[in-house]
Amino acid sequence: MSSPVAIQPFDGQSVCLFCGSSDLSDPAYTAAARAFGEQTARAGWRLVYGGGGVGLMGASARAAHEAGGRVLGVMPGFLRSRERLFDEVETLIVPSMHDRKTIMYDQSDAFVVAPGGVGTLEEVIEVLSWKRLDLHSKPVIFLNLNGFWEPLLAVMEHSIAEGMTPASFREAWVVCDTVEAAIAAMQGAADMPHLQHDRR
């Protein structure tokens, strides 16, 4: 997969954050998103995200930027008004949701999944599906704040129990209950030799 637009070179590690764009969620989720953005910057990782200035997306990107970190936002043009583009960081405007996901995937070495809605579900399911098909081996880390992702994890366990998915698929993701644990999981992933060569 190749990106259709020019992106500023970055030779460090990048983490893609999948998360919600709603301003109506639990304030604790927004606070965690801010903490994640700040700690990502302090750890030296570039934050790749959906480009919006609202909800958990905006909170995380602002915090990473204010902490001196690199941030890459990717937003389809038709969402510019709905998700209120955060243009203080490097941001790509792309034609479609498909282009957004492709670039976010291509530009990332790991994925962290914070609380979010159906769009977040779509993003993480696709990344997990690709991992199931051995198209990549990038870490997928659920930021399971207040047990937010327990219902989805239960569905995946149900699929395993019903013989639809192999039990080994449990190794495709890591579950972390705190921002600190997710940052530690990212840093542990950075030590994996394959991660230096897995960005496509």
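This is a predicted model: local features need pLDDT of at least 70, side-chain atom pairs count only at pLDDT 80 or more; totals for chains, interfaces and linings use all residues.
Residues are numbered from 1 along each chain as its sequence is written, and side-chain values use heavy atoms, with hydrogens and water left out.

View A. Helices (H or I, at least four residues) and strands (E, at least two) are DSSP runs, numbered from the N terminus. Helix α1 takes in residues 27–42, and its 16 residues should span 22 Å at 1.5 Å a residue, which agrees with the 23 Å between its end C-alpha atoms; the expected span is 1.5 Å times one less than the number of residues. The N-terminal end of α1 is capped by Asp26, which has a side-chain oxygen 2.8 Å from the backbone nitrogen of Ala28. Just after the helix, Gly44 takes a positive phi of about 90°. Buried in α1 are Tyr29, Ala32, Ala33, Phe36, Gly37, Thr40 and Ala41, where buried means under 20% relative accessible area, exposed over 50% and partly exposed in between, with a 1.4 Å probe and protein chains only. An α-helix has 3.6 residues a turn, so residues three or four places apart point the same way.

View B. The structure holds 1 cavity of 30 Å³ or more, and the largest cavity has a volume of about 60 Å³. On a 1 Å grid over the protein atoms alone, a cavity is a set of points where a 1.4 Å probe fits but cannot get out, whereas a pocket is an open set with protein on both sides within 12 Å along at least five of seven lines, and lining residues have an atom within 4 Å of a point. Grid points are joined across faces, edges and corners, and a volume is the space filled by probe spheres set on the points. Phe18, Lys101, Met104, Tyr105, Phe111, Glu123, Glu126, Val127 and Trp130 line the largest cavity. Two or more residues of this lining come from each of α3 (97–106) and α4 (118–132), and α4 gives the most, with 4 residues. The lining divides into 6 nonpolar, no polar and 3 charged residues, on a scheme in which Ala, Val, Leu, Ile, Met, Phe, Trp, Tyr, Cys and Pro count as nonpolar, Asp, Glu, Lys and Arg as charged, and the others, Gly among them, as polar.

**View C. The second largest pocket and Asp134.** This pocket has a volume of about 180 Å³ and is lined by Lys131, Arg132, Asp134, His136, Pro166, Ser168, Phe169, Glu171 and Ala172. Its lining divides into 3 nonpolar, 2 polar and 4 charged residues. Asp134 is placed in the loop between α4 and β6 (140–143), and has a positive phi of about 65° although it is not a glycine. With a relative accessible area of 68%, Asp134 is exposed.

**View D. Asn146 in a loop.** Asn146 lies in the loop between β6 and α5 (150–161). Although not a glycine, Asn146 has a positive phi of about 50°, and at 65% relative accessibility it counts as exposed.

Key:
A polar contact is a pair of N or O atoms within 3.5 Å; within protein, one must be able to donate a hydrogen and the other to accept it, and residues adjacent in sequence count only if both atoms are side-chain atoms.
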